Amino acid sequence: MLARAARGTGALLLRGSVQASGRAPRRSSSGLPRNTVVLFVPQQEAWVVERMGRFHRILEPGLNILIPVLDRIRYVQSLKEIVINVPEQSAVTLDNVTLQIDGVLYLRIMDPYKASYGVEDPEYAVTQLAQTTMRSELGKLSLDKVFRERESLNASIVDAINQAADCWGIRCLRYEIKDIHVPPRVKESMQMQVEAERRKRATVLESEGTRESAINVAEGKKQAQILASEAEKAEQINQAAGEASAVLAKAKAKAEAIRILAAALTQHNGDAAASLTVAEQYVSAFSKLAKDSNTILLPSNPGDVTSMVAQAMGVYGALTKAPVPGAQDSVSSRSSRDVQGTDASLDEELGQVKLS
């Protein structure tokens, strides 16, 4: 009897271990693990046990012992992340464009009790909720925003699913849109829009390039004119400085020459040297007559060099003499006589010129 009981217990343990190591169906009552008293629950699985038709407890991974007949394994829930393909569905956007969209849903069972007793089929319920939420969210967006705001659309769907599936013990981790199919005519319109946008960008870029080129050319001309004016200014300043230096040099040279001449005139025979210089200048000036103009004013005696030199020396002597006090009347009377004599001599010279 003891041997037969031991063999029966060993068979039960072996059958329980084989069934635990195999993949047990989640929903089918015929495929659920049987109560073999001693059960081994795999990691990341939760077995819901009912005692006499009422929830009793959830078996943890590892070794568990149940009471035969009274305890029954009612649900097997996987605690791993589950990937569900959301079937393709049609949705209408805000601008009345019909789209065909499918996606992938990632979820995990957080509470095995709620997942078992809160909803009949959690996966089917979440799939239907994802489809309806997708249609609702797409109805709020236009076609252009659907392609630009896919991330925000996915986040909105996840938030809506989590709010509804919280009482089911399920948490949606993320939702990703796989494909978006648009009608052929809408696709052609989108292609034309893309081409027009690219042509617009090309035109704008070309115009900006032309504008930048014109600005650069204008800036170059401006800089060139500024540099040219600065160069002209510097040239004028340098020229003025050079002329000023030349004038100063000439003035200094002339002053030095005058000093030397004054010193020479004070020496012996200085008057004779001055007379000789005046005579040379008179001869040089007389030789250049009638070269630049046809109108000539000649003295009454152009051949009398001695009188001209004597007259020049007289002027020089009159300038060098200091004025004597009380002699202003004589000077004025003499000046009037000189003026009258000068007028007479000028009339005589003009008459000679007319006769000639």
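Two strands count as paired if DSSP finds at least two bridges between them. What we have here is a predicted model.

Let's start with strand S7. Ile101 stands opposite Ile180 in S8. Look at Ser90: its bridge partner in S7 is Gln100. S6 and S7 form a hairpin with five residues between the strands. In that hairpin, Asn96 takes a positive phi near 60 degrees.

Is S7 mostly covered or mostly open? Mostly covered. Nine of its twelve residues are buried.

On to the core. In soluble globular proteins, nonpolar side chains tend to be buried together. Here, the largest nonpolar core has 33 residues. Among those with the most contacts inside it are Leu99, Leu105 and Trp168. Which elements supply at least two residues each? Strands S6, S7 and S8, plus helices H3, H4 and H5. H3, residues 122–138, gives the most, with six.

Now the charges. Side chains of opposite charge can pair when their charged atoms come close. How many salt bridges are there? The count comes to six.

One of them joins Arg51 and Asp71, with the closest N and O atoms 2.6 Å apart. This pair links distant parts of the chain: Arg51 sits in S2, Asp71 in S5, 20 residues apart. Buried or exposed? Asp71 is buried, because its relative accessible area is 3% and the cut-off for buried is under 20%. Arg51, at 27%, is partly exposed.

Next, Glu81 and Arg108. Their closest N and O atoms are 4.0 Å apart. Glu81 is in S6 and Arg108 in S7, 27 residues apart. Glu81 is partly exposed, at 32% relative accessibility. Arg108 is partly exposed too, also at 32%. Arg174 joins in: Glu81, Arg108 and Arg174 are linked in a network of salt bridges.

Last pair: Glu137 and Lys140, at 3.7 Å, N to O. Glu137 is buried, at 16%. Lys140 is exposed, at 53%.

Definitions and conventions
Residues are numbered from 1 along each chain as its sequence is written. This is a predicted model: local features need pLDDT of at least 70, side-chain atom pairs count only at pLDDT 80 or more; totals for chains, interfaces and linings use all residues. Side-chain values use heavy atoms; hydrogens and water are left out. A nonpolar core is a set of buried Ala, Val, Leu, Ile, Met, Phe, Trp, Tyr and Cys residues joined through side-chain atoms within 4.5 Å. Buried means under 20% relative accessible area, exposed over 50%, partly exposed in between (1.4 Å probe, protein chains only). Helices (H or I, at least four residues) and strands (E, at least two) are DSSP runs, numbered from the N terminus. A salt bridge is a side-chain nitrogen of Lys or Arg within 4 Å of a carboxyl oxygen of Asp or Glu.
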